[in-house]
Amino acid sequence: MNPQIEKLEQEFIAFKNNPANAEDFFQKIWLPALTLSKGELKILFQKIYDWVTENKQVQPKIFALATYSIAFINFHTENYDLALTNYGKALKLFAELNDEDGVAISNVGFGGTYRTLGNFDLSLKYLLDAFHQLNKTHTYKIFEVVSGYGLAGVYLDTHNYERAIEQYKQTAELAEKYEMTHFVLLCYTGLGDALHQLQKNEEALTYFNKALAIAERPDFRGIKSKVLSDIGNYYFDLKEYDKAIDFNQQALTIRDEIKNFGGSITNRIQLAAIYHFQNKTNEAIEMLTNALSVAEQIKVKPKIFQIHLLLSEIYESKNELGKSLQHYKIYNTISNEVNKEDGEKKLKRSELIFEAEQTKKENVIIKAQKQQIEKANIELQKTIDELTLSKINRKAKTITTAIAVTLLIIEDSIMHFVVAPHTHHNFAISLSSNLALAFLIKPIEKIVEHSLLHRFVKVEKEYEVMSGENN
């Protein structure tokens, strides 16, 4: 087992023994998901979810976080339909808990998935909402950074390069502050890409080199290959082919070592294109033949038809028209298949997005209805409380009146049989005692009312306990 996965397993055991501060625990397991093996993490996330599900009634917040974690790993294993479904479930759970930060990280999930599926408008909407909320509370630092990085990516994808640069810089500062070096590196690479598009090449190269310096860490080897490829593409655009070859070759070596087959095909295609520009046709054909072998092995059709098109162009330049036509026919057949499949995928993705949006709308309606019911219940309870107090008040007045009449009779009897035979000032004494009695009525009423209210509350509590036991 990967030592980092083993460490996360130990964190989970400790969390089970003391499930406090759930936000901290889940952030500890979310961050490695960006760099570690997704297969091993999927097993761990499922194990956490299964354990939490047994206690979901007792710990609804932890259940919501575990549900979100499943969606998170669904996304990172490219299972986007399940990711959207589970993000929707998590959103509903957070909304029921009135957890605005939980709703915000769910929106990060939706925004990231929509960006991957090519819907930049919805992606921008959800990522903006999430970033503003998380940037205000800082509860989930990892997703504060992820939402900022996602926003910058949307701006870059939509050619809004100035906004992308601003957002990448802001996110890089956040990532550095939170010691999330992985994202500092990614932001620097994004800055290099955006600045290069604006032809600010020297500044772009500065950020590429900063990213490359960070990527020297052994655990960043996979990301280093991406940075090297981006720098290679940068030099290719500048027609500095020798440097472009050097950086692409370095990236290819790493990707072959770590078995990143998709990335290695991309580097081989790029190297072949450079050799073609340099009229090194034999080197180009050899590189593309190797790339085609890997692409057919992992069945990546877009790469396969791209390779055949480039081979067709190279053979045409060598005046080997038969081979050129053969590769072009294969390119044409496979590209038509891919276009058809892409159309089906786009339709499926549109359906996924529609269903996810419908679920979110339904959640909003349910939440609004729940709030109306809660408001009505509060109003009803107020009315009941007012009626109860009014009833207690009336009863208190009745009892107080009875007590006052009793005291008046006692006072009159004392005055007639005890005081009157012994003094001539019985009128003054009677008046004084009557006044004292009048002043006592209000305090007596308060005491009686308090006693009745106390008894009512006690009976209510006993009833609740008995109801709970019966249930």
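The following questions and answers walk through a predicted model of one protein chain.

Residues are numbered from 1 along each chain as its sequence is written, and side-chain values use heavy atoms, with hydrogens and water left out. Local features need pLDDT of at least 70 and side-chain atom pairs count only at pLDDT 80 or more, while totals for chains, interfaces and linings use all residues.

Reader: How many helices and strands does the secondary structure of the protein chain come to?

Author: Elements here are DSSP runs, numbered from the N terminus: helices are H or I of at least four residues, strands are E of at least two. By that assignment the protein chain has 18 helices and zero strands.

Reader: What share of the 471 residues counts as buried?

Author: Buried means under 20% relative accessible area, exposed over 50%, and partly exposed in between, with a 1.4 Å probe and protein chains only. For the 471 residues of the protein chain, the buried share is 40%.

Reader: Which residues does Tyr68 contact, leaving aside its neighbours within four places in sequence?

Author: Contact means heavy atoms within 4.5 Å. Tyr68 is among the core residues that touch the most other members. Leaving aside neighbours within four places in sequence, its partners are Trp30, Tyr87, Ala90, Phe94, Ile105, Ser106, Val108, Gly109 and Phe143.

Reader: What part of the contacts with a separation of 6 or more joins residues 24 or more positions apart?

Author: The count covers contacts in the protein chain with a separation of 6 or more. Residues 24 or more positions apart account for 60%.

Reader: Are H6 and H8 roughly parallel or roughly antiparallel?

Author: Axes are lines fitted to C-alpha atoms, for helices over the stretch in contact, and angles run from 0 to 180 degrees between N-to-C directions. Helix H6 (residues 100-116) and H8 pack at about 30 degrees, with axes 10 Å apart. Angles under 35 degrees count as roughly parallel, over 145 as roughly antiparallel, 65 to 115 as roughly perpendicular and the rest as oblique. H6 and H8 are therefore roughly parallel.

Reader: How do the residues of the contact of H6 with H8 divide?

Author: H6 supplies Ile105, Val108 and Arg115, and H8 supplies Phe143, Val146, Ser147, Gly150, Gly153, Val154 and Asp157. Ala, Val, Leu, Ile, Met, Phe, Trp, Tyr, Cys and Pro count as nonpolar, Asp, Glu, Lys and Arg as charged, and the others, Gly among them, as polar. The division is five nonpolar, three polar and two charged.

Reader: Which residues of H10 meet H8?

Author: Helix H8 (residues 141-157) packs on helix H10 (residues 181-197) at about 15 degrees, with axes 11 Å apart. That makes H8 roughly parallel to H10. From H8 come Val145, Val146, Tyr149 and Leu156; their partners in H10 are Phe183, Leu186, Cys187, Asp193 and Ala194.

Reader: Is the crossing of H12 and H14 left-handed or right-handed?

Author: Helix H12 (residues 221-237) and helix H14 (residues 261-277) cross at roughly 20 degrees, and their axes come within 11 Å. A crossing is left-handed if the near helix is turned anticlockwise from the far one by less than a right angle, and right-handed if clockwise. The crossing of H12 and H14 is left-handed.

Reader: Is Thr189 buried or exposed?

Author: Thr189 lies in helix H10. Not counting residues up to four places away in sequence, Thr189 touches Phe208, Ala211, Lys226, Val227 and Asp230. Its relative accessibility is 2%, so Thr189 counts as buried.

Reader: Where is His138, the residue with a positive phi?

Author: His138 is not a glycine, yet its phi is about 60 degrees. At 29% relative accessibility, His138 counts as partly exposed. Its place is the loop between helix H7 (120-137) and H8.

Reader: What is the relative accessible area of Asn279?

Author: Asn279 sits in the loop between H14 and helix H15 (281-298). Its phi is positive, near 60 degrees, in a residue other than glycine. Asn279 is exposed, with a relative accessible area of 65%.

Notes: Core = buried A, V, L, I, M, F, W, Y, C linked by side-chain atoms within 4.5 Å.
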